[in-house]
Amino acid sequence: MPDHVYQKIELTGSSTVSIENAVENAVAKAGESVTNMRWFEVIETRGHIADGKIAHWQVTIKVGYTLD
């Protein structure tokens, strides 16, 4: 296995459905312009409350990708 050099970007995804969906939304959007994504780590999880209920999940992640 060759050595890799990674770069990291920070993203925040949101979803009205779940934490997992918020992460998936962030990764999917980044995938439109970032290639070679390899891993992610969850940095922060928070949400928005409306009328006493969870209205949105917001998840900040760092995504690592290999440089060409």
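This report walks through a predicted model, starting with its sheet and ending with its core.

## The sheet

Let's begin with the strands. Three of them, in the order β1-β3-β2, make up an open sheet with antiparallel pairing. At the edges sit β1 (6-15) and β2 (37-50), each of which pairs on one side only. On average, neighbouring strands here are turned by 15 degrees against each other, direction ignored.

If you are new to sheets, here is a handy reminder: strands of a sheet pair through backbone hydrogen bonds, either parallel or antiparallel.

## A closer look at β1 and β3

How many bridges link β1 and β3? Strand β3 covers residues 53-66, and its antiparallel pairing with β1 runs over 10 bridges.

Now turn to helix α1, made of residues 19-30. This helix lies across β1, β2 and β3, and runs at about 130 degrees to β1.

Apart from neighbours within four places in sequence, alanine 22 has contacts with Gly13, Ser14, Ser15, Trp57 and Val59.

## The nonpolar core

Which residues form the largest nonpolar core? There are 8 of them: Leu11, Ala22, Val23, Ala26, Ala30, Val59, Ile61 and Val63. Both α1 and β3 supply at least two residues of this core, and the largest share, 4 residues, comes from α1. Alanine 22 is one of the core residues, and its contact Val59 is another.

Key: Residues are numbered from 1 along each chain as its sequence is written. This is a predicted model: local features need pLDDT of at least 70, side-chain atom pairs count only at pLDDT 80 or more; totals for chains, interfaces and linings use all residues. Side-chain values use heavy atoms; hydrogens and water are left out. Two strands pair if DSSP finds at least two bridges between them. Axes are lines fitted to C-alpha atoms, for helices over the stretch in contact, and angles run from 0 to 180 degrees between N-to-C directions. Contact means heavy atoms within 4.5 Å. A nonpolar core is a set of buried Ala, Val, Leu, Ile, Met, Phe, Trp, Tyr and Cys residues joined through side-chain atoms within 4.5 Å. Buried means under 20% relative accessible area, exposed over 50%, partly exposed in between (1.4 Å probe, protein chains only).
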